[in-house]
Amino acid sequence: MSALEIRNVRKNYGSVETLKGIDIALQSGEFLVLLGSSGCGKSTLLNIIAGLAEATSGDVLIGGRSILGVHPKNRDIAMVFQSYALYPNLTVRRNIGFGLEMRGVAADDREKAVNEAARLLQIEALLDRKPSQLSGGQRQRVAIGRALVRKPQVFLFDEPLSNLDAKLRLEMRTELKRLHQMLQTTVVYVTHDQIEAMTLATRIAVMRDGIIEQLGTPEEIYNEPATLYVAGFVGAPSMNMLQSTVEGGTLAIDGSPARLPLPARFSKAIGNGARVVVGIRPEALRVAAGAAEPSLPVEIEVVELTGPELVATARVGTQRLTACLPPAARVSKGQASIFAFGEDAMRLFDPDTGKAF
Amino acid sequence: MSGTWMTTRAWLLMLPLLVVMVAVIGWPLVDTVNLSFTDAKLVGTGGNYVGFDNYTNMLSSSNFSRTLITTTLFAVISVAAEMVIGVLAALLLNQQFHGRAVLRALMILPWALPTVVNATLWRLIYNPEYGALNAALTQLHLIDAYRSWLGEPGTALAALIVADCWKNFPLVALIALAALQAVPRDITAASLVDGAGAFNRFRFVILPYLAGPLMVALVLRTIEAFKVFDIIWVMTRGGPANSTRTLSILVYQEAFSFQRAGSGASLALIVTLLVTVLAVAYAALVRKTAGSAA
């Protein structure tokens with residue numbers, strides 16, 4: 001039995017269909033990240049699971065029980081919000097214990113649970129402060145503590161790190177990962193940050209315009225993107241997309257004399273003359289001495305040293321591509337070079353449907 | 001630019017306003033203080049200096065103590081009711097429903113109407129011969145015969161309080177409604193997930209955001225209610241048997257009806273002092289509320 005099951009959930013706001021039939025089944029202990037840009041429907045889906053919005057149709061089950069129409073407090077969920085949503089006039093202690101207090105849990109048990117959560121989150125010294133006396137990171141820890149003490153079946157996180165600065169975001173991300181590994185709880189986490197998604201998730205659902213573009217492990221999403229959208233959305237810098245045409249068993253790159261071999265695994269699916277988008281991750285590219293492997297002759301346009309790597313933007317005829325090279329790579333602006341890559345690194349997409357071959 | 005020049009310029013800019021204030025507030029106040037130490041009549045010459053006689057006479061008179069009690073009753077009950085009804089109305093008007101905008105606009109109406117119009121309207125409602133209240137209560141079999149709500153000492157003050165509430169609760173509702181817009185949606189959602197019922201949600205989530213603005217409304221309304229004159233003057237003129245006579249009515253009667261300008265001036269100053277004490281106490285409360293909310 002799934003810990004959380006979303007069955008064909010649809011949501012309409014007037015004539016606008018925000019969710020167009022979402023199906024997800026989550027096993028206990030899974031960390032699902034709903035990833036997508038603003039307006040893709042990820043927060044709406046989270047709110048439907050939480051009971052803060054109603055689905056137009058479909059069903060949501062927690063522990064095999066349908067929870068549609070059930071009050072949020074009775075859904076056995078806890079939620080952490082982007083804005084922390086702490087009660088400003090209550091101390092940290094009462095904020096964390098608020099859910100238990102409202103459920104009539106005895107003061108002693110409440111105190112024990114609050115202290116345990118505070119210990120886990122290392123905020124014991126803050127228990128008697130008010131939220132206004134805390135930093136952003138401390139507030140988010142309190143918000144997480146408030147969810148933890150409830151020990152629900154499913155934790156919901158709505159972009160919980162978005163209001164934090166970059167350094168704190170990184171720390172809290174690791175903290176969340178540590179907590180999940182320790183507690184093995186079921187989590188649904190909404191974010192538009194693909195790094196958060198890749199690092200935290202056991203599975204990622206990439207959403208776009210109310211549908212799931214791809215649902216898979218972070219490795220699947222990164223290495224085998226199902227659509228051009230997923231390929232472009234996940235990864236920074238994003239995947240290189242080269243327009244090409246299949247000509248006599250090779251891929252002729254548009255606007256360039258360059259040709260790439262059509263990998264054997266695609267030869268049955270793609271006929272001669274077909275238009276194809278070739279996707280290659282920037283990390284898969286390297287500077288080659290000769291043209292033995294699949295490679296592309298390029299002219300370097302811009303070189304940016306980020307510290308751990310050298311990001312080179314280059315031109316292949318009229319098209320551009322980016323390569324993440326070692327800092328010591330010998331490339332400079334205006335230089336002609338050859339970028340090589342393994343055949344396995346090539347992903348081919350149908351430009352009309354956007355789907356991977 | 002030097003600080004001295006800035007200070008001089010600030011005083012220069014304020015000067016016209018200060019002159020006007022001295023002319024319309026300062027001078028009459030000084031004149032009233034002078035008058036309060038005399039036995040001057042409303043018409044005629046200045047009167048003789050009588051020291052603190054006007055004050056001691058007034059403070060020891062049963063008229064004053066009865067009127068002070070009536071005023072306090074009127075202020076406390078009407079302001080408390082306005083606060084409760086105003087907040088409840090704001091909570092209702094903050095819900096999502098069709099026609100909300102129309103209802104919000106209609107709610108302002110009693111407050112926007114001139115007090116005289118309001119008072120006349122309520123006189124008609126309370127009319128002992130053809131008033132709507134008598135008709136409604138009779139038809140509901142709650143009373144057997146028409147009553148003179150404003151003509152009986154036992155009901156007149158309550159009837160006035162109802163009329164005053166009806167006029168002034170929209171102000172409280174409006175302030176509360178504006179404050180409700182500042183309650184973050186996420187906090188309300190968090191309290192729902194945490195299992196807070198309607199009362200606890202109001203107590204722990206909404207009230208902290210309402211406290212500051214409501215305190216301002218409380219200050220304004222209490223001071224206004226304490227010096228109420230117009231609605232009472234139009235509806236009962238302080239009667240029957242002085243049962244609705246408030247301090248402002250007493251000042252008016254003393255100074256203009258009985259033409260005792262000196263005595264009236266002393267009473268006016270006592271009322272001013274009481275209102276000032278109230279204002280200072282409330283201002284301290286507002287500062288404290290604002291401080292604890294920060």
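Predicted model: local features only at pLDDT ≥ 70, side-chain atom pairs only at ≥ 80, totals over all residues.
Residues are numbered from 1 along each chain as its sequence is written, chains are lettered from A in the order in which they are written, and side-chain values use heavy atoms, with hydrogens and water left out.

Let me begin with the two chains. In chain A, 26 residues are in contact with 18 residues of chain B, where contact means heavy atoms within 4.5 Å. The area buried between the two chains is about 1700 Å², and carbon and sulfur atoms give 63% of that area; buried area is the accessible area, taken with a 1.4 Å probe, that two parts lose on being put together, summed over both.

How many salt bridges does the rule find across the interface of chain A and chain B? The rule finds 2, a salt bridge being a side-chain nitrogen of Lys or Arg within 4 Å of a carboxyl oxygen of Asp or Glu. R150(A) forms a salt bridge with D194(B), and the closest N and O atoms of this pair are 3.6 Å apart. On the side of chain A that touches chain B, the elements that give two or more residues are β6 (77-80) and α2 (92-102) of chain A, helices being DSSP runs of H or I with at least four residues and strands runs of E with at least two, numbered from the N terminus. The largest share of that side, 5 residues, comes from α2(A).

So let us look at this helix. Of the 11 residues of α2(A), 8 are buried, which here means under 20% relative accessible area, with a 1.4 Å probe and protein chains only. Among them are V92(A), I96(A), F98(A) and L100(A). What covers the buried residues includes α3 (107-121) and α4 (136-148) of chain A, together with α8 (185-194) and α9 (198-226) of chain B.

Finally, chain A is divided into domain 1 (4-233) and domain 2 (240-349), with bounds that come from an automatic or database domain assignment. Their C-alpha centres lie 39 Å apart, and the contact takes 10 residues from domain 1 and 6 residues from domain 2. Between them the domains of chain A bury about 660 Å², and across their interface the rule finds 0 salt bridges.

Terms used: Buried < 20%, exposed > 50% of the residue type's maximum accessible area, 1.4 Å probe, protein only.
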